[in-house]
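Subject: Structure handover

Hello,

Here is the structure I promised you. Please open it alongside this note.

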Amino acid sequence: MKIGNYIKEKMAGTGFLLFITIIMFLIMYAGGVMVYSAQGFGNMQTFMNMLIDNAGLIIAAAGMTAVVITGGIDISVGSVIGLVCMMLAYMMQVVGMNAYASIAVVLLFGLVFGTVQGWLIAYMRLQPFIVTLAGLFFCRGLTAVISVDQIAITDNETFLNMATKNIYLFFGATVNKRGIKLFPFVHPSVIIALCALFVVWYVVKYTKFGRSLFAIGGNEQSALLMGVNVRRTKMLAYILNGFLASLAGFVFCLNTTSGFVEQARGFEIEVIASTVIGGTLLSGGVGTVIGSFFGVLIKAVIETYIRCNGTLSSWWNKIVLSALLCFFIVLQSVFAAIKRKRSI
């Protein structure tokens, strides 16, 4: 089988899982508009707030998608994000470093960290779970070494301007009780997240590197026989993921403007859940960045439900998300079983 036909067959399965994810999001969003219309659920600004609150998750989920397509996993992303926030807060608030220099340092750290993890997994043939578990402990421990206290960014005007700047959209306006027209807005974090999402989507879908990811996830031995450089591709996937995790940490810090030890703890579970709900198979070979984006939106809709209700505990977000994760894992198993029967 030619590599082109093989990849097309793998990516064809992505369409079905993506369709399920999008339909689920539309149903949940429409339900929220009907039930919580009085609370403004259907306003354009409410949707924009979903993007603002989850900008970091969008970036991290895009990176995780590339890794999971290869059949790998990275459970260190939450700790990387927490460490990046602490590094930014310490460098800007305590050391007094320039905002752009601080951002460059954390992005470089993400590249180096991803390179080390990728090298251990691809060339030393260590298990991704074990390597990234070590990365999780390393980053969380290093965060505590930098400071056990919360550091709030209050003096760096450049960073604070980036965090609070409103970028207005000239559609979807609402009129308040005083008759004033209010246009919806987003912060720069959303623009960064959507740009990163588009770049990763294009790379995964239209480049040789992206096709190699699917080939490795589908069958690593077959990918070797087809001439794919498996080790190099795996390493590049983790380098990309490390860079995007640090970028997600920067965007996350734009929302919190602080760093503390417990920041983003458990965030890796939300990243993996968004990726799986978006239709990426944990076994590899099937997945899409757009699906992961809708997985993030489903999680955002659940959060907005809880916020609009006003009486539910925030823990319901975790409960519903875990139920959806289990549902999609079962759905993926059924999907894989059907494909195996067809191939016999």
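The model is predicted, so local features need pLDDT of at least 70, side-chain atom pairs count only at pLDDT 80 or more, and totals for chains, interfaces and linings use all residues. Residues are numbered from 1 along each chain as its sequence is written, and side-chain values use heavy atoms, with hydrogens and water left out.

Aromatic rings

A search of the whole structure finds 16 aromatic pairs. Rings of Phe, Tyr and Trp (its six-membered ring) pair if their centres lie within 6.5 Å; planes under 30 degrees apart are stacked, over 60 edge-to-face, and the rest tilted. Take Phe 25 and Phe 294. Their ring centres are 5.6 Å apart and their planes are at 65°, so this pair is edge-to-face. Phe 25 sits in helix α1 (residues 3-35) and Phe 294 in helix α13 (residues 289-309), so the pair ties together parts 269 residues apart in sequence. Helices here are DSSP runs (H or I, at least four residues), numbered from the N terminus. Both Phe 25 and Phe 294 are buried. Buried means under 20% relative accessible area, exposed over 50%, and partly exposed in between (1.4 Å probe, protein chains only).

Ring pairs also build a cluster: Phe 25, Tyr 29, Tyr 36, Phe 41, Phe 47, Phe 293, Phe 294 and Tyr 305.

Helix packing

Two packed helices are described by the angle between their axes and the distance between the axes. Axes are lines fitted to C-alpha atoms, for helices over the stretch in contact, and angles run from 0 to 180 degrees between N-to-C directions. Under 35 degrees counts as roughly parallel, over 145 as roughly antiparallel, 65 to 115 as roughly perpendicular, and the rest as oblique.

Helix α4 (residues 77-95) packs on helix α5 (residues 99-122) at about 150°, with the axes 9 Å apart. The two are therefore roughly antiparallel. Residues in contact (heavy atoms within 4.5 Å) include Leu 83, Met 87 and Met 91 of α4 and Ile 103, Val 106 and Phe 109 of α5.

α4 also packs on helix α12 (residues 267-277), at about 130° and with the axes 6 Å apart. α4 and α12 are therefore oblique. Val 77, Gly 78, Ser 79 and Ile 81 of α4 meet Phe 267, Glu 268 and Val 271 of α12.

Helix α8 (residues 188-206) and helix α9 (residues 208-218) cross at roughly 70°, and their axes come within 5 Å. They are therefore roughly perpendicular. The contact involves Val 203, Val 204 and Tyr 206 of α8; among the α9 partners are Phe 209, Leu 213 and Phe 214.

Lys 205 lies over the face of its ring, 5.8 Å from the ring centre. That label needs NZ of Lys or CZ of Arg within 6 Å of the centre and within 35 degrees of the ring normal.

Two single residues

Ser 76 is in the loop between α3 (55-69) and α4. Its relative accessibility is 0%, so Ser 76 counts as buried. Beyond four places in sequence, Ser 76 touches Phe 113, Gln 117, Thr 132, Gly 135 and Leu 136.

Met 44 is in helix α2 (residues 44-53). At 27% relative accessibility, Met 44 counts as partly exposed. Leaving aside neighbours within four places, Met 44 contacts Phe 171, Gly 172 and Pro 184. Met 44 and Leu 169 are 125 residues apart in sequence and 9.7 Å apart in space, C-alpha to C-alpha.

Best wishes
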